[in-house]
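Here is a short report on helix packing and charged side-chain pairs. Start by looking at the structure below.

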Amino acid sequence: MLFHISALWRWLRSLMKRPFNRTWYQHKEEEAKQYSDTLNRLDAIKGKPFWIEDQIAHEHQYHYTGYQCCFNHIIGLPDKDGLYKPIFDYEIEIVKYLEHYKHIWLKKARGLGVTELLLRYMGFLSLSSDLYHRKRFVVVTGPKVRIAWDLIRRMKTLYQDYILEESRLECLVLNEVTIEAFPSNTVSMRGYEDFKFILLDEADFFDKSEQEEVMAVARGYIAKTNPWIIMVSTANEPNSLFHRIEQMKSDEEAGFKRLQYLYERGLDKIYEPHFIEEEKDQPYFKREYEGQYAYGVGTLFNEPQVLECERLGREIDSRIRNMRPSIANATRKSLGIDIGWGSSRTAFVLTEYVEGAIRVIYCQQFDRPDYDTMVKQVYSLIREHSLDNGTNKVFIDGSAPSFIASLKTIVGEDPDYLKLTALAKESDSDPVYFMNIVPIMFSQRNQPMLDHAKEIVDKHMLAINPDTSQGHKDLLTDLRIAKNKPDTFKLDKSSENKMDLFDALRLSLEYYK
């Protein structure tokens with residue numbers, strides 16, 4: 001309070017030194033009154049609770065104090081579509097977590113109001129006491145600086161009656177607390193000594209190259225200032241930053257209290273039931289509202305096509321479940337093997353042609369596998385499914401010549417497959433007629449294999465039952481996130497999603513040209 005009085009006195013002294021001018025004097029008088037009113041509002045809001053949970057007590061205080069009962073009624077309730085909304089029970093629950101945990105990971109449904117709540121909580125910490133004077137609250141918004149500016153503009157509108165001085169586009173000052181928005185380029189976040197609250201908003205959509213760096217910078221402040229670190233986002237792609245944290249075994253390993261607030265928590269509150277029913281028809285619903293990664297992300301296949309693969313897989317599986325072994329063994333089969341000894345995985349997809357469709361029988365991928373173990377795994381699949389009978393085939397990534405030679409040796413084929421490939425070329429024949437284990441060079445067949453896979457899915461010929469194994473689910477996820485590069489129309493891969501199962505599927509589908 002002393003700081004505000006001294007600031008007001010300095011301003012009045014400067015006022016007295018100015019030459020008399022009625023218009024100028026009236027303008028400054030109005031400014032002085034506005035400044036004084038803001039100081040009064042700052043004093044009045046101190047000590048108010050964020051929200052009064054007891055409905056009867058809240059109603060009593062609301063009327064008794066003339067609408068000055070709590071922080072949110074004083075600054076104005078949230079509104080959606082022109083209707084004012086209370087602070088809902090799930091929002092009070094989040095506030096209680098904020099009171100007990102400094103590091104929170106929160107996966108949310110779209111439109112649930114979580115970001116709005118956190119902006120209000122940051123304002124509450126700033127205005128309800130002088131505890132955070134000369135400290136800094138930070139919101140990291142993504143790579144585009146315009147998003148940061150828009151968020152600060154939103155906060156300036158919310159707290160316009162409590163701002164004493166003008167500030168830059170990317171920040172505002174509330175009760176001597178600086179609230180600043182940064183893009184996810186973390187260079188600008190380094191070197192501060194006063195961070196007390198770091199909100200990473202829509203963190204799963206930060207550029208992949210910046211996600212880990214943002215986390216490192218935010219965690220670096222734990223030892224310096226012990227701030228709140230709050231990560232909030234809707235779900236994005238599999239193997240993203242949010243997905244990896246979610247898959248960790250415990251909160252202790254993750255370093256965050258992990259919370260999920262999905263659309264069910266907002267039904268008949270922030271969401272009208274008819275709105276949710278309409279949204280359920282959208283391809284992004286499972287990702288944006290149910291928190292499932294991948295949905296509505298890819299561009300190569302749409303969600304109805306992937307759901308058709310699932311439907312056909314379940315339907316065919318239910319019909320052939322009791323098929324006699326002699327009939328099951330007679331179907332034409334193809335195994336696709338995508339080799340990955342380094343950063344990617346080794347993936348297997350085994351398919352068969354049955355009832356006019358291509359059904360995925362076996363689907364699995366291995367992280368950093370042992371060479372000999374993989375040779376044994378392939379040999380086991382070959383023996384179990386008669387893949388060396390002269391009709392069925394194994395298609396393998398041609399970038400692993402030593403592995404190919406080992407497989408050919410173990411099944412009794414000539415390991416010098418380059419000789420057979422040359423012979424096939426001389427006779428203008430497909431190498432598939434000269435060998436059972438067929439190497440395929442992605443550098444030569446990448447685009448034709450992609451086009452062929454898309455054609456099969458477009459014709460509703462691919463059957464993948466997600467109930468069969470986790471591998472089948474993972475393959476369906478690959479279909480959901482598959483994208484074309486806009487400039488080349490080639491498959492767009494990332495360091496997080498190598499699409500190994502999809503590559504193995506494409507190899508397997510070479511049999512059905």
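## Helices α15 and α16

In this predicted model, Tyr371, Met374, Val375, Val378, Tyr379 and Ile382 of α15 meet Ser402, Phe403, Ser406, Leu407, Ile410 and Val411 of α16. Contact means heavy atoms within 4.5 Å. By class, these residues split into 10 nonpolar, two polar and no charged. Here Ala, Val, Leu, Ile, Met, Phe, Trp, Tyr, Cys and Pro count as nonpolar, Asp, Glu, Lys and Arg as charged, and the others, Gly among them, as polar.

Helix α15 covers residues 371–384 and helix α16 covers residues 401–411. Helices (H or I, at least four residues) and strands (E, at least two) are DSSP runs, numbered from the N terminus. The two axes come within 10 Å and cross at roughly 45°. Axes are lines fitted to C-alpha atoms, for helices over the stretch in contact, and angles run from 0 to 180 degrees between N-to-C directions. The helices are therefore oblique to each other. Angles under 35 degrees count as roughly parallel, over 145 as roughly antiparallel, 65 to 115 as roughly perpendicular and the rest as oblique. The crossing of α15 with α16 is right-handed. That term applies if the near helix is turned clockwise from the far one by less than a right angle, and left-handed if anticlockwise.

## Helices α19 and α20

α19 packs against helix α20 (residues 500–509) at about 90°, with the axes 8 Å apart. The pair is therefore roughly perpendicular. From α19, the contact uses Gly471, Asp474, Leu475, Asp478 and Leu479. From α20, Asp500, Leu501, Phe502 and Leu505 take part. This contact of α19 with α20 has five nonpolar, one polar and three charged residues.

## Salt bridges

The structure holds 40 salt bridges. A salt bridge is a side-chain nitrogen of Lys or Arg within 4 Å of a carboxyl oxygen of Asp or Glu. One of them joins Lys269 and Asp89, at 3.0 Å from N to O. Lys269 sits in the loop between β9 (257–261) and α11 (273–279), and Asp89 in helix α5 (residues 89–100), so this pair ties together parts 180 residues apart in sequence. Lys269 is partly exposed at 26% relative accessible area. Asp89 is also partly exposed, at 46%. Buried means under 20% relative accessible area, exposed over 50%, partly exposed in between (1.4 Å probe, protein chains only).

Arg480 and Glu303 form another bridge, at 2.9 Å from N to O. This pair links distant parts of the chain: Arg480 in helix α19 (residues 470–481) and Glu303 in helix α13 (residues 303–320), 177 residues apart. Both Arg480 and Glu303 are buried. What about Arg383 and Asp388: how far apart are the closest N and O atoms? They are 3.5 Å apart, in a salt bridge. Arg383 is exposed at 51% relative accessibility, while Asp388 is partly exposed at 31%. Elsewhere, salt bridges that share partners join Glu303, Glu310, Arg314, Asp467 and Arg480 into one network.

## Arg258 in strand β9

Arg258 lies in strand β9. Leaving out residues up to four places away in sequence, Arg258 touches Trp105, Ile245, Glu246, Met248, Lys249, Ser250 and Asp251.

## Reading the values

Residues are numbered from 1 along each chain as its sequence is written, and side-chain values use heavy atoms, with hydrogens and water left out. Local features need pLDDT of at least 70, side-chain atom pairs count only at pLDDT 80 or more, and totals for chains, interfaces and linings use all residues.
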